[in-house]
Amino acid sequence: MSVTVPSSLASTLPASPPASLPPDPQALSRIGNADGLSVWPRSARPEADGDVSVGGVSLTEAADRFGTPVYVLDEQEVRERCRTYRTAFPEADIVYAAKAFLCRALAHWVQEEGLGLDVCSAGELALAVTTGFPPESIVMHGNAKSPEDLRTAIRLGVGRIVVDSPSEIARLAAITPADTPQKVMVRVVPGIAAGGHAKIRTGTDDQKFGLSITDGSAQHAVTRILDQRHLELVGLHCHIGSQIAAVKPYVVAVRRMVGLMARIRDQHGIALPQLNIGGGHAIAYRPGEESMNVAVLAGRVRAELEDGCARAGLPVPRLTLEPGRAVVGPAGVAVYHVLAVKRTGEHTFVAVDGGMSDNPRPALYGVQYAPRLIGRPSSAPPRLVTVVGRHCEAGDVLADDIALPGDIRPGDLLAVPTAGAYHLSMASGYNMIGRPPVVAVSEGTARVLVRRESLDDMSRRDIGL
């Protein structure tokens with residue numbers, strides 16, 4: 001539902017902020033072009049009344065119709081980003097990383113655009129397959145796959161399972177039918193530190209994913225798999241991190257993986273036909289931030305792969321990439337109502353009707369967003385504020401030192417772009433707020449993909465007294 005603010009409450013707020021201290025120029029410089037739409041879906045259009053439309057749909061009208069918080073997802077933006085990868089890597093398998101966000105409609109979109117799917121659990125896998133996604137186009141991941149994950153993958157016939165630990169080899173071999181060997185890859189740690197935050201760097205030996213080249217674990221796993229007649233080793237996999245804007249780490253990863261493939265050829269006499277270099281491609285959350293240039297990445301990776309294989313005397317393996325955030329992240333916009341504006345000393349806090357239960361990423365990784373006032377024009381001078389959520393945590397912060405109009409007040413709408421990835425997929429039941437709905441927009445129409453979680457939904461799970 002929309003939020004209506006009593007006039008008595010609104011009138012207690014000054015129309016413009018007190019003079020106090022001027023905004024910090026360094027903080028303002030970090031904001032970039034806060035009035036622009038550079039990190040919004042390409043269909044975003046500013047309106048004369050202060051509104052913004054996405055996919056031809058007014059965000060103010062979407063908030064009125066579907067309530068807030070609400071995720072608005074631009075279908076055409078998702079499709080165009082799928083096509084960008086298909087165009088840049090026409091010879092490769094592009095599999096969408098479902099962990100970024102998955103629902104039935106999105107699975108259909110990426111399938112229709114020619115992408116496969118990367119899943120991390122029996123739940124993600126079952127949703128995709130029961131929606132009609134071909135299991136042979138699915139890759140199963142996970143550093144600690146449960147017995148149910150593995151049984152479901154075998155039963156449904158996933159195309160490839162990425163082995164992440166030695167214990168998985170025996171488990172897989174024991175449940176795989178003898179007449180239908182399971183295609184597997186080995187997840188390799190190439191010893192590369194890359195990623196936007198320490199918690200999302202996965203290419204080094206000091207984290208939980210994969211098997212190391214350095215200590216020989218990857219080579220040992222290859223030998224064990226080749227001894228299992230129920231398993232078919234089809235290639236190697238690596239994922240070096242997330243939110244990576246530079247191309248060089250991927251080039252180095254390809255070089256090291258080709259080197260390992262050459263050693264496997266020398267030791268075992270086989271040339272592996274596939275190489276998966278993961279995803280993790282950066283997107284911009286605030287104007288001025290860097291994002292991955294997919295065309296440049298394709299040229300550099302292709303050149304390194306072909307040159308490296310030529311030097312090693314290897315046939316060029318078929319490449320696989322796993323973009324997730326880069327496909328769906330920029331297609332999403334989260335819309336909130338402002339519940340309170342509080343000025344404490346030199347700080348102004350703008351509290352919205354969502355927060356860390358629908359977007360835990362700022363608390364986890366310190367990610368900062370660029371909220372925008374929508375729904376009304378404002379000529380008030382900008383003021384640096386901190387946008388916070390409604391949850392009982394001091395770390396429930398969506399944006400620090402962000403410029404918003406100085407007359408921001410309860411009842412206003414804030415839109416947060418680049419909200420398509422790792423929001424609803426990581427949402428929680430904290431404070432029993434209920435997870436927001438997802439609304440797809442395209443060519444002026446809006447439809448609900450995932451409905452709002454109700455109190456009844458949450459209550460039905462609580463069955464004891």
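This is a predicted model: local features need pLDDT of at least 70, side-chain atom pairs count only at pLDDT 80 or more; totals for chains, interfaces and linings use all residues.
Trainee: What is the mean pLDDT of the protein chain?

Mentor: pLDDT is the predictor's confidence in each residue, from 0 to 100. Here the chain mean is 89, and 89% of residues reach 70 or more. Over residues 1-35, pLDDT stays under 50. Local features here need pLDDT of at least 70, and side-chain atom pairs count only at 80 or more, while totals for chains, interfaces and linings use all residues. Residues are numbered from 1 along each chain as its sequence is written, and side-chain values use heavy atoms, without hydrogens and water.

Trainee: Which residues of helix α6 are buried?

Mentor: Buried means under 20% relative accessible area, with a 1.4 Å probe and protein chains only. Helices are DSSP runs of H or I, at least four residues, and strands are E runs of at least two, numbered from the N terminus. In α6, residues 122-130, the buried ones are A122, E124, L125 and A128. They fall within an arc of 160° seen down the axis, so they line one face of the helix. The arc uses directions from the helix axis to the C-beta atoms.

Trainee: What do the buried residues of α6 pack against?

Mentor: They pack against β6 (116-119), β7 (138-140) and α7 (147-156). Contact means heavy atoms within 4.5 Å.

Trainee: How do I read a helix pair?

Mentor: Use the angle between the axes and the distance between them. Axes are lines fitted to C-alpha atoms, for helices over the stretch in contact, with angles from 0 to 180 degrees between N-to-C directions. Helices α8 (166-175) and α9 (217-226) come within 10 Å and cross at roughly 10°. That makes α8 roughly parallel to α9, a term for angles under 35 degrees. P166, I169 and A170 in α8 meet A221, R224 and I225 in α9.

Methods: Buried means under 20% relative accessible area, exposed over 50%, partly exposed in between (1.4 Å probe, protein chains only). Angles under 35 degrees count as roughly parallel, over 145 as roughly antiparallel, 65 to 115 as roughly perpendicular and the rest as oblique.
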